[in-house]
Amino acid sequence: SWEAWYCLGLKACASDTQPDGPRRQFGAQCLRQAAEYDPMNYRLWHELGKALWQAGDTAGAKEAFRQAAQRGSWLPVPISIK
């Protein structure tokens, strides 16, 4: 289910002390999987964007934030991403 991947992804990202550490990268992969299960969920895309940004994947983060904005235009997008 998307919820399981979402929770696992958030916990993995939160447990990594390094910005581009392996847990954060694993967390981003989990959030990608969650977004595949529920592609219309703006929260998933927004969290994925944050995780990718923190992992150093600027292009992936921009795409995830774009997907989130398409589904929820009120969502804040980090200024440095725009």
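This is a predicted model: local features need pLDDT of at least 70, side-chain atom pairs count only at pLDDT 80 or more; totals for chains, interfaces and linings use all residues.
## Helix α3 and its surroundings

The backbone nitrogen of Arg43 lies 3.0 Å from a polar atom in the side chain of Asn41. The side-chain atom in question is an oxygen, and the contact sits at the start of helix α3. Asn41 itself belongs to the loop between α2 and α3. With a relative accessibility of 10%, Asn41 counts as buried, because the cut-off for that class is under 20%. Leaving out residues up to four places away in sequence, Asn41 touches Trp2 and Arg71.

Helix α3 covers residues 42-55, which makes 14 residues. After α3 comes Gly56, and the phi angle of Gly56 is positive, near 95 degrees.

Which residues of α3 are buried? They are Leu44, Trp45, His46, Glu47, Leu48, Gly49, Ala51, Leu52 and Ala55. The cover over these buried residues includes three other helices, namely α1 (2-15), α2 (22-37) and α4 (58-71).

What does His46 contact, once its neighbours within four places in sequence are set aside? The partners are Phe65, Ala68, Leu75 and Pro76.

Charged side chains come next. A search of the whole structure finds three salt bridges. One of them joins Arg32 and Asp57, whose side chains meet at 3.5 Å, taken from N to O. This pair links distant parts of the chain, since Arg32 is in helix α2 while Asp57 is in the loop between α3 and α4, 25 residues apart. Arg32 has a relative accessible area of 36% and is therefore partly exposed. Asp57, at 30%, is partly exposed as well.

Lys50 and Glu47 are three residues apart in helix α3, so about one helical turn separates them. Lys50 is partly exposed, with a relative accessible area of 34%, whereas Glu47 is listed among the buried residues of the helix.

Glu63 and Arg66 also form a salt bridge, with their closest N and O atoms 2.7 Å apart. Here the setting is helix α4, and because the two residues are three places apart in that helix, they too are separated by about one helical turn. Glu63 has a relative accessible area of 34%, so it counts as partly exposed. Arg66 is likewise partly exposed, at 40% relative accessibility.

The surface also holds a group of nonpolar side chains. Trp5, Leu8, Phe26 and Tyr37 form a nonpolar patch with about 390 Å² of accessible area together. Helices α1 and α2 are the elements that give two or more residues to this patch. Leu8, one of the patch members, is found in helix α1. Its relative accessibility is 39%, and Leu8 therefore counts as partly exposed.

Helix α1 also contains Ser15. A polar atom of the Ser15 side chain lies 3.0 Å from the backbone oxygen of Ala12. Ser15 is partly exposed, as its relative accessibility is 34%. From Ser15 to Thr58 the sequence separation is 43 residues, and their C-alpha atoms are 21 Å apart in space.

The loop between α1 and α2 is the place of Gln18. Gln18 has a relative accessible area of 44%, so this residue is partly exposed. How far apart are Gln18 and Met40 in sequence and in space? The two are 22 residues apart along the chain and 30 Å apart from C-alpha to C-alpha.

How values were computed
Residues are numbered from 1 along each chain as its sequence is written. Side-chain values use heavy atoms; hydrogens and water are left out. Helices (H or I, at least four residues) and strands (E, at least two) are DSSP runs, numbered from the N terminus. The expected span of a helix is 1.5 Å times one less than its number of residues. Buried means under 20% relative accessible area, exposed over 50%, partly exposed in between (1.4 Å probe, protein chains only). Contact means heavy atoms within 4.5 Å. A polar contact is a pair of N or O atoms within 3.5 Å; within protein, one must be able to donate a hydrogen and the other to accept it, and residues adjacent in sequence count only if both atoms are side-chain atoms. Patches are made of residues with over 30% relative accessible area and no salt bridge: like charges are joined within 9 Å, nonpolar side chains (Val, Leu, Ile, Met, Phe, Trp, Tyr) within 5 Å. Accessible areas come from the Shrake-Rupley method with a 1.4 Å probe; for residues, only the protein chains shown count as cover. A salt bridge is a side-chain nitrogen of Lys or Arg within 4 Å of a carboxyl oxygen of Asp or Glu.
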